[in-house]
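Me: I'm new to this one. Can you walk me through it?

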Amino acid sequence: MITSVVVALLLFIVYYIISRKNSKYLKNVPGPKPIFFFGNVLDFLVLPSWGWIGCLTNYMDTYGSTIIVHDGPLSIGLVTREAKLFEHILSSYAFINKDGPYTYLQSWLGTGLLTSVGTKWKKRRRMLTPSFHFSILDNFVEIFDNVSNIFIKKLEREIGKDSVDISPLVSLMTLDIICEAAMGIKINAQSEKNSEYVQKVKVMCSILTERMISPIHPILYPFTINYFREKRALKVLHAHTDKIIETRMNEQTDKSEDDYTDNVGKKQRLAFLDLLLKSTIDGEPLSRLDIREEVDTFMFEGHDTTSSAISFTMYALSTHPEIQEKLFLEQTNIFEDLRNAKPSIPQLQEMKYLELVIKEALRLYPSVPFNGRTLTEDLELDGVLYPKGLNIMLFTFAMHRNPEYFPDPLEFKPERFQDSSRVNPYVYVPFSAGPRNCIGQKFAMLELKSTLSKVIRTFELLPASPVQDLQLAPETILVSKNGIHISLKKRIIV
Ligand code: HEM
């Protein structure tokens with residue numbers, strides 16, 4: 001009893017101090033009125049996750065484009081859809097730190113590129129940047145092609161149905177792609193339903209999502225069932241990556257540079273893992289743990305993001321037959337054999353209209369709907385002092401639908417990206433911007449173009465019957481809680 005009273009008193013004192021500090025600094029920033037202790041959390045708790053975007057958008061329409069939300073008894077966050085704040089934060093090396101939900105990723109990804117901060121992040125970023133050069137990405141186009149052939153076969157089985165949820169099929173395809181690109185091995189997620197590794201990747205992603213939207217304070221996490229599920233999943237995931245690293249290390253010590261050329265003089269494909277094994281930081285090779293952090297980071301960051309982008313692009317196309325026809329025409333201008341073509345990098349770069357379509361899909365449905373930052377120093381902007389330690393949510397989803405920046409924001413118009421000089425790089429931010437932007441964006445664009453090119457050459461995409469209204473939810477990535485349904489018709493090629 002006495003302990004409970006002491007704990008409650010301590011909590012109250014901390015609450016009081018934090019509230020005083022926040023009200024001193026942020027008193028001029030508007031936002032919904034918090035309820036004692038619960039802040040604004042109750043507004044979210046009564047809603048399913050697909051109601052949250054609407055709730056935040058309502059707040060912003062009511063109070064302003066930059067607002068304070070009390071997301072718990074002791075914590076507040078700034079949420080913004082204002083270009084000025086986006087630019088100020090994303091362009092600066094002073095504001096590259098992340099906290100909050102990013103810490104949930106560390107049990108799996110350690111402090112790899114996505115989650116690291118300070119000097120470690122800078123050194124890793126410098127080391128990894130060359131791995132995403134076009135000359136290296138050439139290694140991966142064959143993977144995109146081979147893996148998407150299986151995907152197409154799976155879709156062919158769905159032809160003629162009124163409604164198909166494409167998101168699980170796309171997700172298995174992108175998992176196959178990233179696994180082969182990152183680790184150099186095939187996990188056959190699309191064909192082997194019972195792969196333990198695939199199942200555990202899915203378990204981890206769902207636990208991360210649940211933690212992000214859970215009202216339970218992180219301190220209490222070790223007392224939840226998910227904590228134990230996570231432990232079991234991580235055992236499998238880490239053992240899998242460790243084993244592959246070990247095998248690749250042993251193979252590499254037996255190989256010379258020439259061994260990477262096969263007997264017809266063609267260079268063998270290198271995975272990101274092979275590049276990491278050859279990399280050094282300050283003249284020292286990376287440890288196994290360092291390598292595992294980065295391989296696991298690519299696995300996490302490189303599969304759900306591309307899956308969301310491909311699925312939403314297909315959905316948007318299903319309701320825009322005229323845009324599909326323009327896309328198909330572009331394909332006929334690039335390829336003679338539309339059925340069997342294997343796109344090369346130059347051919348993928350020729351797909352200019354497809355690029356506009358993908359950009360527009362990523363505007364309306366950004367795979368990463370929020371970008372988080374934690375201020376490591378005070379920031380003063382337009383007379384407001386944002387204090388050190390403040391968590392800031394750059395609300396990309398709302399920014400991309402702000403009519404001030406994108407007229408008729410709900411219309412799907414790829415042509416708005418025709419003149420790239422008119423697009424502000426801090427307003428259109430699907431891959432974030434500035435020093436901490438997405439390192440994998442060129443890889444992602446090539447993957448999206450390669451797979452979507454094949455889809456367009458094989459099918460006509462139609463709306464599902466009945467037509468589906470998406471239930472968009474900002475989980476670790478943007479998802480639709482009721483799936484992403486379309487209908488498929490075989491494309492007649494004359
Ligand atoms: C359509 C696909 C993709 C989208 C929309 C996307 C978007 C993003 C965004 C918005 C960020 C910043 C996240 C933040 O600061 O919280 C990011 C970071 C990152 N992305 Fe991507 N991404 C995509 C695909 C990929 C792929 C395929 C890879 C790897 C092969 C990748 C690797 C990374 C990494 C490692 C980071 C952390 C970079 C750093 O902090 O320096 N991403 N991505």
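Reply: Here is a quick tour, starting with the ligand. This is a predicted model, where local features need pLDDT of at least 70, side-chain atom pairs count only at pLDDT 80 or more, and totals for chains, interfaces and linings use all residues. Residues are numbered from 1 along each chain as its sequence is written, and side-chain values use heavy atoms, with hydrogens and water left out.

Me: Which protein atom is the donor of the iron atom of the ligand?
Reply: SG of Cys438, at 2.3 Å, and it is the only protein donor. Donors here are N, O and S atoms within 2.8 Å of the metal (3.2 Å for Na, K and Ca); water is not among the atoms, so sites may look incomplete.

Me: Where is cysteine 438 in the chain?
Reply: Cysteine 438 sits in the loop between helix H18 (396-400) and helix H19 (441-458). Helices (H or I, at least four residues) and strands (E, at least two) are DSSP runs, numbered from the N terminus.

Me: Which residues come nearest to the ligand?
Reply: Tyr102, Trp121, Arg125, Arg436 and Cys438, out of 28 residues around the ligand. A residue counts as near if one of its heavy atoms lies within 4 Å.

Me: What about polar contacts?
Reply: Those are pairs of N or O atoms within 3.5 Å. The side chain of tryptophan 121 has an N or O atom 2.8 Å from a ligand oxygen. For lysine 98, a polar side-chain atom is 3.1 Å from an oxygen atom of the ligand. For arginine 373 that distance is 3.4 Å. Elements giving two or more residues to the shell are helix H6 (118-128), helix H13 (288-301), helix H14 (304-318), strand S6 (371-374) and H19.

Me: Which element gives the largest share of the shell?
Reply: H14, with three residues.

Me: New topic: how do H8 and H9 cross?
Reply: The axes of helix H8 (residues 141-156) and helix H9 (residues 167-183) come within 10 Å and cross at roughly 160°. Axes are lines fitted to C-alpha atoms, for helices over the stretch in contact, and angles run from 0 to 180 degrees between N-to-C directions. The two helices H8 and H9 are therefore roughly antiparallel (over 145 degrees).

Me: And at what angle do H9 and H19 pack?
Reply: About 135°, with the axes of H9 and H19 12 Å apart.

Me: Which peptide bond is cis?
Reply: The one from serine 465 to proline 466, with omega near 0°. Proline 466 lies in the loop between strand S10 (459-463) and strand S11 (472-474).

Me: What is phi of aspartate 282?
Reply: Near 50°, a positive value in a residue other than glycine. Aspartate 282 is in the loop between strand S4 (280-281) and strand S5 (284-285).

How values were computed: A polar contact is a pair of N or O atoms within 3.5 Å; within protein, one must be able to donate a hydrogen and the other to accept it, and residues adjacent in sequence count only if both atoms are side-chain atoms. Angles under 35 degrees count as roughly parallel, over 145 as roughly antiparallel, 65 to 115 as roughly perpendicular and the rest as oblique.
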